[in-house]
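Keep the sequence and the 3D view open as you read.

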Amino acid sequence: MAGTPGRRSDLYTISGALPVLIAAALFVWFLGMAPAVADGEVLRWAIPWVPSLDISISFVVDGLSLSFALLITGIGALVLLYSCAYLDGHEHFSRFMLYLTLFMLSMLGLVVADNLIVLFVFWELTTITSYLLIGFSHAAPDSRRSALQALLVTAAGGLALLAGMILLGVSAGSFELSEIRAMDEPFTEHAMYLPVLILFLLGAFTKSAQFPFHFWLPNAMAAPTPVSAYLHSATMVKGGVYLLARMHPTLGATEIWTWTLILFGGFTAVFAMVMALRQTDLKLALAYTTLMALGTLTLFLAAPVGYAITGMMTFLIVHSLYKAGMFLVVGIIDHETGTRDARLLGGLARSMPVTTLAAAVIGLSMAGLPPFVGFIGKEILYAGGLEMPGAVLVVGAALIANILLFATAFIVAFKPFWRPAGGELPKTPHEGPWPMLAGPLILAACGLAFGLIPWVIGGPLVTPGVHAVLGREGTVAELTLWHGINLPLILSLVTFAGGTAVYLRHLWLRARIAEAEARLIDFDERWDRFLDGLKAVAAWQTRILQSGYLTNYLMWIFATMSATLLVTIAARGGIDRVPEFPTLDLTHWIVVALVIAGSAVAVFSISRIAAIAGLGVVGIAVALIFVLYGAPDVAITQLLVEMLIVVLFAVAALHLPLLPKEHGVRKVHAGVALVVGGLTTALLMMASDGPIDRNLTDYFEVTSWPEAFGRNIVNVILVDFRALDTFGEIAVVVIAAIGAYALLKGAPEKEAS
Amino acid sequence: MKSIILMTAARLLLVLMLVFSIFMLLRGHNEPGGGFIGGLIGATAFIVQAVAAGAAEARRVLRVSPEALAMVGLGIALASGLFAGVVFDPPFTGQWHWVGGDSYETAAFSLNTVLVFDVGVYLVVLGSVLSLALSLEEEV
């Protein structure tokens, strides 16, 4: 995508430069908070939003939020810069930058929100914006499918999370996370703890793609590479991990929390790494290593052990740095060679020296070799794992995952550059442009620098982050390259040895895993079958309930109404007393006779016009009742409406055939009609039997004149006391009219020949 | 089927009914009537015209499209409701201005948003019902 010569690069346009500058400015702004946070301060802003529901727009910056915020804005700026070159000249370049910027801001809102509802809003915003990003190449069916899959899985989890948040907010009595954390009684002893925990875990596990919800993440690779780099490193999937970390003081430290996280996290980590080794597409391999990282982070959030949480926080930063860098490198390879197939690529070191250097440095950090920050992260993970309950399980899972990660790091970061080419490349490889190289180089430099001077991230990010996750001061492991000879160091050496062995045999292993995979459950395919089933159920119930015949619709509606009324009456112990039949005088009996006569005509006539006229008689009889009881306004309206309905129906019915005499169907209809009529009559008589609450009537009678200067109470209510309601109603009238107009006028010409 | 008698009567009825509908609209605040009823009567006036001389004739007499009338009515109702914001009252609080006095008893007449709102209701009902009725007439 070199663009036409002389064309100005998209980087130097508003839609290119502005997002990069916004991200960079936010990064600097958050960096400015680092000294205060390092001193243990918690910064908080709040403005009331819906005070009556105790919802305010509140933001908190503590160690955890700040770590995430810096990763989001920092990597965000690099990814946005990278995108300017990666998608230079793309027809939807501006749209892409807009989506990516919105995604960044949503993610940022998510990690600094203090109010549960605000957090949820940002949570769903990340879902929606990621949907737009994954489906960016919307012309490709694959891309659309992946986007929809990610949306459905994460939004389903989002719904569970919403339920959990409301349950938590209502049972704890506050929607402010900081207030919930500060409560004397731990929420873990609350009766609602288990349901809340399950709902939160559903939300977090779907977002962070924990097994068995992992399948959407590798598919999300359909997005352009910068999106993958961002989605996998600092954002989106880390949302679930962030939620678990954020809720750790509130929901954590129980047996069920610990074991659920150990089992799901551990299994996801090991399973993901085995799958990563199997992939030949560099990008897919990286996608599975992201799953491994998410599993590991979940695993180490399992217990309130200071060392384990330190490991989690460090690995969070380490992973974001190498994963974003590695994805960007793969993006350069893809961009400059035209392929990501590990079997083809080779010999790129000569043509792409800068990329090779960046890849090597990032790869060493990913593999966890000293003196890179990846080594420190791995050491602390081992040290933390040894102190956790179920240490053998935790360390075992981490060890296997790290051995495979070590091998994968070499497959992705070294093999394509140094080995001889495996086949013809679609493009002649050459070095990428500077905006694309900046990201990997800076991230690689960070990986090395943080390894050599770990206190840079230790003081302002990791230590306050650990305190935030624990909800109290805890023992924080010191970040350093050399701890002396101890068990973690030995485990590291085992990792290196094991990783090297796996790397040497990885082609053989890949074939074995591919064979085994064919025999396992394909979750992706299961998902498709699930969706097909869902659609079939929807189609089936639509066929039954919405047949297209108005008669059937009405029957279903009235049958449902009768059923719910009957169930309610039965549940309340039935009708306990028969209301007294009211005494009627002659005028009332005349009205009754009119209603019965009108109904009889409507029911027994086979002419539609006669039936409609019969209904009109019923309506006029009802209007007469209003007259008898002194409600002239309602009576006039009723009369006019009845008249108009008869006219409109008559116009429409002129061209319809006579009513059919289907006796079978009409018996069912008669039954439903009788039940509805009987029930309504019974309920009305019961309702009017007791004394009527005159509170509102009295209020309007007293205030109508002095406050609203009107003597016609009905109209004063309509245009003054409840003008907002009336406005809603007339809006509905207009919408209905537009709908009818569209149906009548917008229908395709039937007579067109 | 066109009847000369009905067509001639419809023309007279149209004027009478329209005047009556406005009368009903204006008296609504203190006597039976109001925007809903007035709008329905007004719509009926044009429907009689349509039945007698056809929908096209009714549209010609109406001059503007009924959908536009409904929209304008909705806009008027909304504007009268939002006017309360000018004096920092909650939306849809009735605003009254007395002309020639300082209370309902002494003033010659009043300017108020409540009547404006009712005019909006009148137009919405008139426009919507007519839109439906005329479209149906034309369809069959």
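Arg59(B) sits in helix 3 of chain B, which covers residues 55-62. The model is a predicted one. Is Arg59(B) buried, exposed or partly exposed? Count its neighbours. Arg59(B) has 19 C-beta neighbours inside 10 Å. A buried residue needs 20 or more. Arg59(B) therefore counts as partly exposed.

Now look back along the chain to Gln49(B). In sequence, 10 residues separate Gln49(B) from Arg59(B). In space, their C-alpha atoms are 9.3 Å apart.

Helix 2 of chain B is the next stop. Helix 2 takes in residues 35-53, 19 residues in total. Just past the end of helix 2 comes Gly54(B), with a positive phi of about 100°.

Step back to the whole of chain B. Chain B holds 5 helices and 2 strands. Starting at the N terminus, their order is α-α-α-α-β-β-α. Chain B has 140 residues, and 43% of them count as buried. Its C-alpha atoms fill a box of roughly 60 × 30 × 20 Å along the principal axes. Take the contacts in chain B between residues at least 6 apart in sequence. Of these, 63% join residues at least 24 apart.

Turn to chain A. Chain A has 31 helices and 2 strands. Of its 753 residues, 45% count as buried. The C-alpha trace of chain A spans about 105 × 70 × 55 Å along its principal axes. What radius of gyration would a compact globule of 753 residues have? The value would be near 27 Å, but chain A has 34 Å. Contacts in chain A can be sorted by sequence distance too. Among those between residues at least 6 apart, 78% join residues at least 24 apart.

Definitions and conventions
Residues numbered from 1 in each chain as written. Chains lettered and ligands numbered in written order. Predicted model: local features only at pLDDT ≥ 70, side-chain atom pairs only at ≥ 80, totals over all residues. Helix = DSSP H or I, 4+ residues; strand = E, 2+ residues; numbered from the N terminus. Expected span 1.5 Å × (residues − 1). Buried ≥ 20, exposed ≤ 12 C-beta atoms within 10 Å, placed from the backbone. Contact = placed C-beta atoms within 7 Å. Rg over C-alpha atoms; globule rule 2.2 N^0.38 Å.
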